[in-house]
Amino acid sequence: MKKIQNMGSETENIMDRISIVLASDYQYLVFAYITIFSVLKNRKRPYYVEFYIMLPEKTRVLNYNQNWEFDRYEINYIEIPEHCFSGHALSIEHTAKPTYYRLMIPDILQNVNKCLYLDADILVCNDLWELYNFDISQIDLMAGLGVDIHYSEDHIRKLADYLQIDSAEKYFNAGVLVMNLEKMRAENMVETFLECSKKGWTCQDQDVLNICCYGRTEIFPMKYNVYSIAYGCEEEILKARFSVKEIEEGLNNPVIIHYAMGNTKPWYNLRTTRAEDWWKAAKEAIPGQEYRKMREIAEKKTLRSNISDFVPKIELYEKIVIFGCGKTGKKLLEFINKKYAGKVEVFWDNNHEHIGAMYQNIPVRQPEEKTNENVLIVISCQQEVEEIKLQLYELGYEDNDIAVYNSQSFVSWFGTDRQYRKQIIEKIQKHINGDEGKQKMQ
């Protein structure tokens, strides 16, 4: 590791202090500064904060804190050699190599016995003192559960089998961690982490931490890691992982909001839930010129992004056809039947080998021409979506009659602020009902 570069106020002889670690590349560095600003903005006690930002070596550093009026803090850069994790695969779209750096924190910060690790895509909304001071003397770390839109007993069982652990009920998100660095060093955990990380897990370093620290972790309340998508989720999704009390406290009085999933990051999508909270902090944290440039880019990206209308359409339409009787189509039938049993009347498929078959008493047929009925065609195929749409257009269907299901359908919808969702719902209702009365949808 290269030398630590200090960019903050002078260290004071203060007993009350906390250490906070972030990891970033140059692209994410501005977001890390906004996170740091939100920490200091919401500090209510006179403790000292040591920030450490881990960066790839030779990364150009920033000093957006020059005009901040806070005191009792310092920002240190730690340069990580280029060869570290050079051979590690990145299976999650919005991540970069520095996501793995958290695995090295115990050995990097040899003189620090405890720290908070924070992802750069979070916004701190309240004081972190209570979170930092949880007693973790007998465990490796504390973390929070994530919002799992597809949570089920079967999913948890398969996840446990994949990770080769006894249970995945407490599988945690690694974006906010309270880490016992002293204990991890005593157990030589960094070596364990690095060896495990070579196996190329689906959720990368998060899987590594869940595997290697299994049985030596505790879960903190939801309010310390509230996914932004939680503000748009159906209550039953949240209740699968959190108590009613946790949900109420987390949504109404969050300590940390985490823009954790796909297209829910405010700098990609201005329509995401709680986006303006983040932008308000950004406006205070970074220079005006940089803020305006970032906002303009976000506006352009937002215009290019589409909000999936899959979720409201399957609720509002009374009859559904699933186009594609493959693995995804069958899973989709299972999902729809849990909430809307009887809506799916038929599968359509272009594969003649499937035509005439039955699956769970649902027939598989060739695509048919549009009738006067309001029927929703859900494309479950993950490939040739545009070709299937053209086929449906030729059969007389319009975009309003079609929904596309994919891995981002739920995140896209639940991660969108309700004011924009309302407009989409009204458009669908108008198509179904014409100028007649509107149905209501929460």
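Modeller: Two strands pair if DSSP finds at least two bridges between them. Helices (H or I, at least four residues) and strands (E, at least two) are themselves DSSP runs, numbered from the N terminus. The model is predicted: local features need pLDDT of at least 70, side-chain atom pairs count only at pLDDT 80 or more, and totals for chains, interfaces and linings use all residues. Residues are numbered from 1 along each chain as its sequence is written, and side-chain values use heavy atoms, with hydrogens and water left out.

Biologist: Which residue in β15 stands opposite Met358?

Modeller: Strand β14 pairs with β15 (residues 362-365) over two bridges, in the antiparallel sense. The residue that faces Met358 from β15 is Pro363.

Biologist: Which strands stand at the edges of the open sheet of six strands?

Modeller: The sheet has mixed pairing and the order β14-β15-β13-β12-β16-β17. Each edge strand has a single partner strand, so one of its sides is left without a neighbour in the sheet. The edge strands are β14 (358-359) and β17 (402-404).

Biologist: At what angle to β12 does helix α13 run?

Modeller: Angles run from 0 to 180 degrees between N-to-C directions, and axes are lines fitted to C-alpha atoms, for helices over the stretch in contact. Helix α14 (residues 385-394) lies across β12, β13, β16 and β17, at about 155 degrees to β16. Helix α13 (residues 327-340) lies across β12, β13, β14, β15 and β16, and its angle to β12 is about 160 degrees.

Biologist: Which strands stand at the edges of the sheet of three strands?

Modeller: This open sheet, with mixed pairing, has the order β6-β11-β10. Two bridges join β10 to β11 in parallel, and Tyr227 stands opposite His258 in β11. With a single partner strand each, the edge strands are β6 (122-124) and β10 (226-227).

Biologist: Which residue in β9 is the bridge partner of Ala143?

Modeller: Strand β7 (residues 141-145) pairs with β8 in the antiparallel sense over five bridges, and with β9 in the parallel sense over three bridges. In β8, Ala143 has Leu177 as its bridge partner. In β9, the partner of Ala143 is Ile219.

Biologist: How many residues of β7 are buried?

Modeller: Buried means under 20% relative accessible area, exposed over 50%, and partly exposed in between (1.4 Å probe, protein chains only). Strand β7 is mostly covered, and the number of its five residues that are buried is five.

Biologist: How are α10 and α11 oriented, roughly parallel or roughly antiparallel?

Modeller: Angles under 35 degrees count as roughly parallel, over 145 as roughly antiparallel, 65 to 115 as roughly perpendicular and the rest as oblique. The axes of α10 (275-285) and α11 (residues 288-304) come within 10 Å and cross at roughly 155 degrees. The two helices are therefore roughly antiparallel.

Biologist: Is the crossing of α10 and α11 left-handed or right-handed?

Modeller: A crossing is left-handed if the near helix is turned anticlockwise from the far one by less than a right angle, and right-handed if clockwise. The crossing of α10 and α11 is right-handed.

Biologist: What is the angle between α1 and α10?

Modeller: The axes of α1 (residues 26-41) and α10 are 9 Å apart, and the angle between these helices is about 95 degrees. That angle makes α1 roughly perpendicular to α10. Contact means heavy atoms within 4.5 Å, and the residues that make it include Phe31 of α1 and Trp278 of α10, at a packing angle of about 95 degrees.

Biologist: What distance joins the side chains of Asp205 and Thr99 in a polar contact?

Modeller: Asp205, found in helix α7 (residues 204-212), is buried, with a relative accessible area of 2%. A polar contact is a pair of N or O atoms within 3.5 Å; within protein, one must be able to donate a hydrogen and the other to accept it, and residues adjacent in sequence count only if both atoms are side-chain atoms. For the side chains of Asp205 and Thr99, the distance is 2.9 Å.

Biologist: What distance separates the C-alpha atoms of Met222 and Gly146?

Modeller: Met222 lies in the loop between β9 (217-219) and β10 and counts as buried at 3% relative accessibility. Along the chain, Met222 and Gly146 are 76 residues apart, yet their C-alpha atoms are separated by 8.5 Å.

Biologist: Is Gln164 buried or exposed?

Modeller: Gln164 lies in the loop between α4 (153-163) and β8 (172-180). Its phi is near 60 degrees, a positive value in a residue other than glycine. At 68% relative accessibility, Gln164 counts as exposed.
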